[in-house]
Amino acid sequence: MTSGQTKPNRPKDPHGQGSGPTKANKVVARSSGGNSAPNPKKGWLNIVMAMVFFLGALMLLGAVSGWLGYQSGQESYNAQVTVTVDAYLASQFAQAIEDVNNENYQLAVVRLEYILSVKPDYKPAQDLLVDLNVILNVTSTPTAVPATPTPSPTPDLRPAEEMYTSVLSLISVQSWNAALDTLANLRKTNPDYKIVEVDGLIFLCLRNRGVEKILNGDLEGGIYDFLLAEQFGPLDGETENYRNWARLYLLGNAFWGAYPEQAAYYYGQLVSAAPSITDASGVSSFYRYWASLLQMAENLTKEEKWCESSDGMVHVLGVWDQAYVYPTATYVYEQCLLGTPSVTPTPTITPTLSETYTPTDGVGGPTDTPTPTSTATPGDPESTPTFTPSPTNTPNPGD
């Protein structure tokens, strides 16, 4: 500033401050939307935070997807393990029954105790184990019959002859449960009355009730009644057939749905003898056999073994012709044809030697003139046959 110049006076505000912008005024101006210089550090910070948030979301999504996949796989594995264990326990129970028939009671007890250690609520094994314990106790340490029998709380005071006649009447109308209850009461109140005849009637009632249970779908109950009947006498051939049918069906059930080859093996033995036998579900052995064959063919289709699957479908339709199987059977048949290379005949040229004598000025000789002869002519390629299953007369499946 040069001499002689004076510093201009600035007007003062009423509070004694200058009229220029102060720090407070700058703050107010910025908060009211005034222009300010951008902060580059703040922009980069926002980008980094967005990337961190995005990566975190991806990691969380991956963790959730992995957990869901693990849970689904674990459920499938547990279901497969359950089916396998049930099949093994069913086979052990069938072997335990076979041991009882062969009087291998101790081995049967070991099998049944193992079954109950794995599955404590397996009722057929529980019932059979109770009966085996009774048989073993009676065989090893028979208890003496007291001189004076203890009367039951509600004794039947009818004479023994009247009770016996009542049993015969109940048997005539096939009331097996009531007849067995009356025989049990007769044996309890009059243990010495017609011992041989009463034992024979008990055997008859147990045998017939077992057959009735098997025919009505109670396969385990029928086998159990046959086991009790054998304590009073040997079973006849017809009864043995019923028992074998029930065992085969139960063995098939042990593999049903999980192992169709084994299931079809057991059900297949019933198709000719007892195609209508069922369990409590009401599904016949014939249908289970047919469905197992169909499952086997479908499994081959999933493995893309087209020709083997086609053969299986032909077998399925031969056992029971069902229209809804046609599309799958046709498809696998066509895939089998597409996968089999077709052989096109190739013409073969065979040279044929012919001797022709042509004299030339008295000098000449035989000349070998090969004459090509076509021995084969390629024909038109055959058209692809269309699979048309033919209906067969087969027995209708049982309900």
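**Exercise 1.** Does Tyr249 count as buried or exposed?

*Solution.* The model is predicted.
Step 1: find the residue. Tyr249 sits in helix α9.
Step 2: take its relative accessibility, which is 0%.
Step 3: apply the cut-off. Buried means under 20% relative accessible area. Tyr249 therefore counts as buried.

**Exercise 2.** List the contacts of Tyr249, leaving aside neighbours within four places in sequence.

*Solution.* Step 1: collect the partners. They are Leu219, Tyr267, Leu270, Ile277, Thr278, Asp279, Ser281, Val283, Ser284, Ser285 and Arg288.
Step 1: pick out Leu270. This residue lies 21 residues from Tyr249 along the chain. The two C-alpha atoms are 7.8 Å apart.

**Exercise 3.** Describe how helix α7 packs against helix α9.

Step 1: Helix α7 covers residues 195-215, and helix α9 covers residues 237-255.
Step 2: read off the geometry. The angle is about 35 degrees, and the axes are 10 Å apart.
Step 3: assign the hand. The crossing of α7 and α9 is left-handed.
Step 4: name the residues that meet. From α7 come Arg207, Val211, Ile214 and Leu215. From α9 come Glu238, Thr239, Tyr242, Arg243 and Ala246.
Step 5: sort this contact by class. It has 5 nonpolar, 1 polar and 3 charged residues.

**Exercise 4.** Find the disulfide and state its hand.

*Solution.* Step 1: count. The chain has 1 disulfide.
Step 1: name the pair. Cys307 is joined to Cys336, with an S to S distance of 2.0 Å. This is within the 2.5 Å cut-off.
Step 2: Cys307 belongs to helix α12 (residues 306-319) and Cys336 to helix α13 (residues 326-339).
Step 3: About the S-S bond of Cys307 and Cys336 it is about 90 degrees, so the disulfide is right-handed.
Step 4: compare the accessibility of each end. Cys307 is partly exposed at 34%, whereas Cys336 is buried at 13%.

**Exercise 5.** Summarise the whole chain: its elements, burial, contacts and surface.

*Solution.* Step 1: elements. There are 13 helices and 4 strands.
Step 1: burial. Of 399 residues, 29% count as buried.
Step 2: contacts. Take those between residues at least 6 apart in sequence; 55% of them join residues at least 24 apart.
Step 3: surface. The chain exposes about 26600 Å², and carbon and sulfur atoms supply 59% of that area.

Technical notes
Residues are numbered from 1 along each chain as its sequence is written. This is a predicted model: local features need pLDDT of at least 70, side-chain atom pairs count only at pLDDT 80 or more; totals for chains, interfaces and linings use all residues. Side-chain values use heavy atoms; hydrogens and water are left out. Helices (H or I, at least four residues) and strands (E, at least two) are DSSP runs, numbered from the N terminus. Buried means under 20% relative accessible area, exposed over 50%, partly exposed in between (1.4 Å probe, protein chains only). Contact means heavy atoms within 4.5 Å. Accessible areas come from the Shrake-Rupley method with a 1.4 Å probe; for residues, only the protein chains shown count as cover. Axes are lines fitted to C-alpha atoms, for helices over the stretch in contact, and angles run from 0 to 180 degrees between N-to-C directions. A crossing is left-handed if the near helix is turned anticlockwise from the far one by less than a right angle, and right-handed if clockwise. Ala, Val, Leu, Ile, Met, Phe, Trp, Tyr, Cys and Pro count as nonpolar, Asp, Glu, Lys and Arg as charged, and the others, Gly among them, as polar.
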